[in-house]
Every structure is written in structure tokens, then in C-alpha cells.
Amino acid sequence: KKSIFFAGIYEKDEFCLITEEASENIKEIHHRQPVILNQIDVNRYLNLELSGSKFLKECNKPNLIFHEISKDVNKPTNNTMSLIQKI
């Protein structure tokens, strides 16, 4: 089982997902993307006291591969593995 870690801020039942400029392979979809952390950087991120933005810019990001999938993924009642199969 693989995990994915997103940088965010949580306080008093409120959550904010931290974003950054989109990487080249996603820019045609959107100009921003969530900051995704490698598992080895999660503890360092959670223990930050200062310089959080500097850390997020400098930490190693996982190299994700994107591919087109079915538009059926947009319907919440659809829930099959075929939704994430490459078109």
C-alpha cells in the first residue's frame, strides 16, 4: 500500500492545503498544485517551527507520472478501478 503526503496547515477544525506553482507535466491542467512530500520529509515538515516556506521550496518532491483518465471519475457514485486506468 502506498501513501501520499500533502503539506497543509490545521488549526481548530480548519484545514488549508498548501499549493505551489505547478510542475511542467501538470501546467496544462492547472497553474497550481498541492505540495506533495516524500515520506522521509514528513517528520521534518511536522516539526518545523520557522522557515516553513523555505523548507517546502527546498525539500525533494516525489516524481509523479500523470496520465489521462475517464471523465467518469467526476461522478461520485462511480467507484471502480477502471476510473484510474490510462486512456
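Throughout this tour a residue is called buried when its relative accessible area is under 20%, exposed when that area is over 50%, and partly exposed in between, with a 1.4 Å probe and protein chains only. The model is predicted, and local features need pLDDT of at least 70, while side-chain atom pairs count only at pLDDT 80 or more and totals for chains, interfaces and linings use all residues. Residues are numbered from 1 along each chain as its sequence is written, and side-chain values use heavy atoms, with hydrogens and water left out.

**Stop 1**

Begin by selecting lysine 27, which counts as partly exposed because its relative accessibility is 34%. A salt bridge here is a side-chain nitrogen of Lys or Arg within 4 Å of a carboxyl oxygen of Asp or Glu, and by this rule the count comes to three.

**Stop 2: a salt bridge within a helix**

Next select arginine 44 and aspartate 41, whose side chains meet in a salt bridge of 3.0 Å, N to O. Helices are DSSP runs (H or I, at least four residues) and strands are likewise DSSP runs (E, at least two), both numbered from the N terminus. Because arginine 44 and aspartate 41 are three residues apart in helix H1 (residues 39–46), about one helical turn separates them. Is aspartate 41 buried or exposed? Aspartate 41 counts as buried, because its relative accessibility is 4%, whereas arginine 44 is partly exposed, with a relative accessible area of 49%.

**Stop 3: the loop between S2 and S3**

Now move to lysine 12, in the loop between strand S2 (8–11) and S3, and then to aspartate 13, which lies in that loop between S2 and S3 too. Most residues other than glycine have a negative phi. Lysine 12, however, has a positive phi near 50°, and the phi of aspartate 13 is also positive, near 65°. Lysine 12 is exposed at 72% relative accessibility, and aspartate 13 is exposed with a relative accessible area of 71%.

**Stop 4**

Then select phenylalanine 6 in strand S1 (residues 5–6), a partly exposed residue at 41% relative accessibility.

**Stop 5: helix H2 and some distances**

Select serine 53 in helix H2, where the residue is exposed at 51% relative accessibility. Computed along the sequence in your viewer, phenylalanine 6 and serine 53 are 47 residues apart, yet their C-alpha atoms are 14 Å apart in space. The C-alpha atoms of serine 53 and isoleucine 69, which are 16 residues apart along the chain, are separated by 32 Å. Lysine 57 is also in helix H2 (residues 52–58) and is exposed, with a relative accessible area of 70%. Lysine 57 and asparagine 43 are 14 residues apart in sequence and 16 Å apart in space, C-alpha to C-alpha.

**Stop 6: the largest pocket**

Finish by selecting Ile29, Phe66, His67, Glu68 and Ile69, which lie nearest the centre of the largest pocket among the 14 residues that line it. A pocket is found on a 1 Å grid over the protein atoms alone, as an open set of points where a 1.4 Å probe fits, with protein on both sides within 12 Å along at least five of seven lines, and lining residues have an atom within 4 Å of a point. About 410 Å³ of space lies in this largest pocket, where a volume is the space filled by probe spheres set on the grid points, which are joined across faces, edges and corners. The lining has seven nonpolar, four polar and three charged residues. In this count Ala, Val, Leu, Ile, Met, Phe, Trp, Tyr, Cys and Pro are nonpolar, Asp, Glu, Lys and Arg are charged, and the others, Gly among them, are polar.
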